[in-house]
Amino acid sequence: MPEKFDVIVVGAGPAGTSCAYSCAKNGLKVLLIERGEYPGSKNVMGGVLYRKQMEDIIPEFWKEAPLERPVVEQRFWMMDKESVVQFGYKGLEWAVEPYNNFTVLRAQFDQWFAQKAVEQGALLINETVVTECIVENGKVIGVRTDRPDGEAFADVVVLADGVNSLLSKQLGFHREFRPDEVALTVMEVINLPKDKINERFNLEGNHGTTIEIFGDSTKGNLGTAFLYTNKDSLNIGVGTTLSSMIKAKLKPYELLDYLKKHPMVRPYLEGGESAEYLAHLIPEGGFHSVPRVAGNGVLVVGDAAQLVNAIHREGSNMAMASGQMAAEAIVEAKKDGDFSEKSLNRYKEALYGSFIIKDLEKYKDAAHTFEKYPQYFKEYLPMMNQAMSKFFTVDGTPKKEKQKQIMRSVTAEKGTLKVMQDIYRAWKAVK
Ligand SMILES: Cc1cc2nc3c(=O)[nH]c(=O)nc-3n(C[C@H](O)[C@H](O)[C@H](O)COP(=O)(O)OP(=O)(O)OC[C@H]3O[C@@H](n4cnc5c(N)ncnc54)[C@H](O)[C@@H]3O)c2cc1C
């Protein structure tokens, strides 16, 4: 007779591990199953890990976790072919405890985090693929794996199997994605000595910077690129929705190549050596794409539940928070001895009452708006660059006249009414 657990968690990313950790800490018998050689071996992330949600799970984790740099500066670039309009924030309050966020390398971080769950008592099994959920009388009672002795049983199975969650699809919780609901992102880790990074990014000691790049980084298509500093490497990546990629006939690796050679980006990378090349999907459908998250004996967390706020680059923190909420619901269900959907819906209630669903709801129309009206990335970003160039070029024209010329050139190209409509629509999408 195979062993029975209180909880089986499928996937040792941030969502699954936080759930396994919190369940084990509460005395539950937990099995954490990961298909990779080790946790983190199959995981991809630009690299920003937020402090708050991790700290809620392991207080003062920064004292021992393998982190790269605390981020003290966040920059945003509106990039054209040979220019960039920049804004951002740098604050030294982020350089000291409790910090705001950190850059991390997932291959190291996920291993460390999973080990913490093991120390709490969870049993971690790597190199094991869960092939399906075992369902009996409408209730999930366990999982079937690709191992010869491959079945395991539990009161609750938590699906933390990432963006493509085949297991949620098998249960009918998920439908297939539409191409506008996922972004395909490619990234590279580029080794560069620490002193060069600090010099190029104007950093001191272990301080880190993140740069989000819009506009020509995606050749004007809906999407973003990023450039983040690690201790002695850089993470650079770019992605667009699958639908944009198909429409514009873009190839992801060509886009990354284009970005690396861009005159605004190239100087940061010069002399660096490529260490890793990765590609992954990001669930970007937001509020409208969140599937059913609770059933009889089963919960869905993290990317598997499509919990990513693409505008704020938040995914791993939502994964962790959802994993922890799932754990809290399971602990309560265990007290009642009731693992029905009704009982496990405590998780859904917590999720919908939290910042996660509230933030996804706030931006529920953003991606669709910017995809439907491509002028924001294709026309307004270049216009912004041209306006700045005109305004800051000293050519003897009085500044007031320059302002008028800029306004005239924008309205002449688009028409005043159209510009007003576009501004209103963009404001509505993100308000
Ligand atoms: C390029 C890129 C950049 C990003 N940048 C950021 C960022 O800077 N900050 C941020 O917060 N978020 C970022 N994200 C999003 C973030 O990576 C995800 O939101 C987060 O990893 C989700 O965690 P998860 O645990 O739900 O899923 P994952 O991290 O995808 O973990 C799922 C795990 O399940 C395992 N698995 C899958 N199927 C099975 C199976 N059948 N059996 C056993 N195991 C299985 C996988 O191997 C994997 O380890 C980025 C994503 C990408 C792709």
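Which residue has a backbone N or O atom 3.1 Å from an oxygen atom of the ligand? That is glycine 315, and a polar contact here is a pair of N or O atoms within 3.5 Å.

Hi everyone, a quick word on the ground rules. This is a predicted model, where local features need pLDDT of at least 70 and side-chain atom pairs count only at pLDDT 80 or more, while totals for chains, interfaces and linings use all residues. Residues are numbered from 1 along each chain as its sequence is written, and side-chain values use heavy atoms, with hydrogens and water left out.

Alanine 15 has a polar backbone atom 3.0 Å from a ligand oxygen, and for valine 44 the distance from a polar backbone atom to a ligand oxygen is 3.2 Å. On its own the ligand has 990 Å² of accessible area, and the protein covers 94% of that (Shrake-Rupley method, 1.4 Å probe).

Who makes up the shell? There are 35 residues around the ligand, and the closest are Glu34, Gly46, Arg106, Asp303 and Ser316; to count as near, a residue needs a heavy atom within 4 Å. By class, 15 are nonpolar, 12 polar and eight charged, with Gly counted as polar and Tyr, Cys and Pro among the nonpolar ones. β15 gives the largest share, three residues. Helices (H or I, at least four residues) and strands (E, at least two) are DSSP runs, numbered from the N terminus. Both domain 1 (4-67 + 104-175 + 291-353) and domain 2 (179-283) contribute at least three residues to the shell, with bounds from an automatic or database domain assignment.

Now, please turn to the second largest pocket. How much space lies in it? About 210 Å³. Its lining has 14 residues, and Ile125, Arg147, Asp149, Glu151 and Ala152 are the closest to its centre. At least two lining residues come from each of β2 (30-33), β7 (123-125) and β10 (151-159). On a 1 Å grid over the protein atoms alone, a pocket is an open set of points with protein on both sides within 12 Å along at least five of seven lines, using a 1.4 Å probe, and lining residues have an atom within 4 Å of a point. The volume is the space filled by probe spheres set on the points, which are joined across faces, edges and corners.

Last, a backbone detail: the peptide bond from glutamate 97 to proline 98 is cis, with omega near 5 degrees. Thanks, everyone!

Note on methods:
Polar contact = N/O pair within 3.5 Å; in protein donor to acceptor, adjacent residues only side chain to side chain.
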